[in-house]
Amino acid sequence: MDYTNVVKMIRKNGEPGFAWLDNMRKYGRMGDPPDYKDKRAAGGNPCLEQTLESYELCCLVETFPDRHTDLKDFKKTLELAFMYAKTVTLGKTHWPMSNRVMQRNRRIGCSMSGISQFIAHKGLHELQIWSDEGYKHIQKCDKMFSEWLAIPQSIKTTSIKPSGTVSLLAG
């Protein structure tokens with residue numbers, strides 16, 4: 001496909017974005033081997049930071065790594081944020097079809113915001129370390145909370161949301 005005209009629009013105003021549904025279904029995380037956990041994905045929420053199955057609602061929670069003194073402090077925030085989001089997946093909607101999908105997937109988008117600020121203060125290498133260590137910690141939290149609540153582990157646990165300048169407001 002020739003993306004020339006679309007790229008011109010993106011350069012002008014940042015829109016539209018791209019989504020490759022095959023990749024969304026194939027990978028939980030692009031740096032890992034294909035796991036096909038999301039084989040039923042039909043698209044995503046409006047900003048596309050979270051893939052969704054038909055009838056599924058998104059469950060997003062945002063963290064701000066640049067507001068933390070060290071990795072240990074950030075991991076504690078990730079744990080609390082993830083526990084909050086996992087608890088939200090216990091709620092029911094008025095739509096049985098949505099409830100069925102939500103109960104099966106327990107999809108969570110635990111996101112990091114303020115990435116540019118973090119890189120400016122701590123560097124890209126440190127971001128890579130915090131991202132990888134944070135992801136591993138979230139996987140441990142998912143296993144622990146899922147066992148504790150007697151529910152399935154989440155088919156996806158992380159995302160990166162396009163927060164723009166909102167990340168500058170976090171106190």
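Which residues in α3 meet which residues in α6? Keep that one in mind while we look around. This is a predicted model, where local features need pLDDT of at least 70, side-chain atom pairs count only at pLDDT 80 or more, and totals for chains, interfaces and linings use all residues. Residues are numbered from 1 along each chain as its sequence is written, and side-chain values use heavy atoms, with hydrogens and water left out.

**The helix pair**
- Helix α3 covers residues 71-88 and helix α6 covers residues 124-149 (helices are DSSP runs of H or I with at least four residues, strands are E runs of at least two, numbered from the N terminus).
- Their axes, which are lines fitted to C-alpha atoms over the stretch in contact, come within 9 Å and cross at roughly 40°.
- As for the answer, Leu-71, Phe-74, Lys-75, Leu-78, Glu-79, Phe-82, Met-83 and Lys-86 in α3 meet Trp-130, Glu-133, Gly-134, His-137, Ile-138, Cys-141, Asp-142, Met-144, Phe-145, Ser-146, Trp-148 and Leu-149 in α6 (contact means heavy atoms within 4.5 Å).

**The hairpin**
- Strands β1 (residues 41-44) and β2 (residues 51-53) run antiparallel, joined by 3 bridges (pairing takes at least two DSSP bridges).
- Gly-44 sits opposite Thr-51 in β2.
- The two strands form a hairpin with 6 residues between them, and Leu-48 in the turn has a positive phi of about 65°.

**Helix α4**
- Ser-98, Asn-99, Val-101, Met-102 and Asn-105 are buried in α4, residues 96-105 (buried means under 20% relative accessible area, with a 1.4 Å probe and protein chains only).
- Those buried residues pack against β2.
- Just after α4, Arg-106 has a positive phi of about 50°.

Terms used:
Axes are lines fitted to C-alpha atoms, for helices over the stretch in contact, and angles run from 0 to 180 degrees between N-to-C directions. Buried means under 20% relative accessible area, exposed over 50%, partly exposed in between (1.4 Å probe, protein chains only).
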